[in-house]
Each structure stands twice: as structure tokens, then as C-alpha cells.
Amino acid sequence: MLNTKNLSPKQLSAFTAAILALPISIGIWFIKPDWVIAIISLIVTFIGSYLLIGFVLESFIYRKIKLIYKFIYQTKASKREETYYKYILPQKGIDEVREDVEKWAEQRSAEIEILKQNEVFRKEFLQNLAHEFKTPIFAIQGYIDTLRDGAIDNREISIRFLENTAKNVDRMVNLVKDLDAISRLESGEQPLHKESFIVQELIREIFETLSIKIDAKKINASIKKGCEFPVAVFADKEKIRQVVNNLVINAIKYGKEGGNIIASIYKTDEEHVLVELSDDGIGIAEEHLSRVFERFYRTDRGRSRDVGGTGLGLAICKHIIEAHGQTIHIRSKIDVGTSVGFTLSTNKLNIN
């Protein structure tokens, strides 16, 4: 059976005109059995029906379809689009038009869903940002009001309050610096100054720099056995230093007393290296893993604030690694530990 779904307007007009013309000409032949008259009536009926049906389809159906396409594209038609509307669109069947509209609807639905998710993240971000600034601001305000109410005359109290005020000011300064760093990374205002360097040497430098904090929790920080062989990468050394530094600090904060921090370096192929920092600390619940790289996202607000930090460390790490055209990931399990890994390029020509 003929499938009329994908017929163009001209084909549909011809098909419908033929259906009308054949029985009419046969009926005329039965009334007056003259082949000439029957053939003439067939031709006249077919041509008349074809023109009429084509006019109706073009005027009342495909004009509406043309408006639908204009709405879909949401733009004033260019010469190219006008050519499409005039010559290509009329060749499309109703079923093809339906498929185009369905694809557009699916695309729009996906875009709306993304916008809704972004709106939720935006609201969360603004709420978190307000909360992060509100805490030190209110603390500073409390200390100042107390000093103004007479506590300033007590030297011991005034010194302690001023020290706490300075700590909260430093916290706000660090927040602003971290937010500015992320904004610059996102906008590309911070260019990468790539150079070749040995990953293991950089990691050892960071372990040495943070040795006081590491020793305070009696943590053993080391490079995994078998990963000591020097591996050169081509990246912005100072920005990668910031990434590794943030990851080691997190491992110290959430690592257990007398635990381990292990750095692993693997060559995944001729052009890439995987660097992983692992700890055997408190770990992160699975439901949080997909969001830990978001700004201010905390798996446990109270505990996270107690150990300090701006809540932007992992977000900065993610931006720096992605600015290098590489990837960063996290694996974790409660009471087992956390591993954060990222890739780097080993090839100067692989500028990504």
C-alpha cells in the first residue's frame, strides 16, 4: 500500500487528483461510452484537481508550516532561509515536518532542563556566597560593637578580639581572591605559562612546604613505590603547584591521625600523565561526588567550616586543569578514603 506520509505537497496533490479524476472519468464513460470524452474528462479533472489541491496545500497548510519553521529558528529569514522555505520546504512531507518539530521540541526541552538546573545552581551559589560572607562580617561586627561598648579598655580582651577580627578579615580576603581567581580562569584572563618540569619534584616541594601541618597530624606523605621515576610534564608549573597544594591540604584536613597521603604518577599513553593524590581519611559519600567541584559545595557544612577553607579549593583545581585542556576526577568511599586524579600533557606540541 502506498505510504502517503512522506509525500511532498506536489506529490500529494497529484495522488489526490488522480483518485478524484479516475472515478469521474470512468463514470462519464459508463454514461456515454466514448473513450475520447473519458480521456479528456480524466485529463481536465486531474489538472483542475491538482491545481486546486496544490493551491489549498500551499496557501493554507504550508504557509502555516513555514511560520512554524520561522518560529523554530527564531530569526529573521536570511536569503538562504528564504530559498529553503521556497524550494526545499515544499518538497518535505508532513511526516518529515513532524519529525523536525519533534526534534526541535526535544532540543528545547533539554535546553529548558539545563536552564532550570543552572537556575538552581545559581540560587545555591548566591545563598552560599551570602552565607560565606555573612559569617565573618557578623563576627567582625560583634567584636567591634563589644569593643565600642567598653571592652577596648581591657587590654587582654581587646587584643584577643582584634586578633579574631583580623582572622575574619583574612577569611574574607581569601574568599575574594579565590573568587577573582576563578573568574579570571573562566574568562581566560589568566594566561598559562607552560614549561617542562618533573612532577615528582613539584610534589616533594609541596610535601616539604606543608611538613608542619603534615607532622602535626602524624601523617606519612610519600610518592607511591614504583612511581618515583622522574616524569616530565608540559604545563603551567605554578598553577599545577596550586592544584597539588589544594589537594594535599584537603587530604591533611580530612585525613585521619597517623594516616597516609600517597601521590601516584602514571603514564597513560605517550602524551599524557595521570597524577593522583590519595588519603585514607573520612571519605565522601557517593551522592556528593558529582558536585564536590562546585563552588562552595560542602559535604558537611559544619565540619568543613571547622577545618577552615573557603570552599573554593576544588573548584579552582577544576578550572586550572580544564584550562590546560585536561580532566580531573574524584573517587571516594566513607571511612576508606579519597583519591583525586588529574591528567597533564607530556608533549610540548600538545597545546590543547
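Biologist: How many aromatic pairs does the rule give here?

Modeller: The count is 2 aromatic pairs. Rings of Phe, Tyr and Trp (its six-membered ring) pair if their centres lie within 6.5 Å; planes under 30 degrees apart are stacked, over 60 edge-to-face, the rest tilted.

Biologist: Why is the pair of F46 and Y50 called stacked?

Modeller: The centres are 6.3 Å apart and the planes stand at 15 degrees, so the pair is stacked. This is a predicted model: local features need pLDDT of at least 70, side-chain atom pairs need 80 or more, and totals for chains, interfaces and linings use all residues. Residues are numbered from 1 along each chain as its sequence is written, and side-chain values use heavy atoms, without hydrogens and water.

Biologist: What makes F46 partly exposed?

Modeller: Its relative accessibility is 31%. Buried means under 20% relative accessible area, exposed over 50%, partly exposed in between (1.4 Å probe, protein chains only). Y50, at 28%, also counts as partly exposed.

Biologist: Why is the pair of Y143 and F161 called tilted?

Modeller: The planes stand at 55 degrees and the centres are 5.0 Å apart, so the pair is tilted. Y143 is partly exposed at 22%, whereas F161 is buried at 13%.

Biologist: Why is S332 called buried?

Modeller: S332 has a relative accessible area of 19%, so the residue is buried.

Biologist: What joins the side chains of S332 and T338?

Modeller: A polar contact of 2.7 Å. The term means a pair of N or O atoms within 3.5 Å; within protein, one must be able to donate a hydrogen and the other to accept it, and residues adjacent in sequence count only if both atoms are side-chain atoms.
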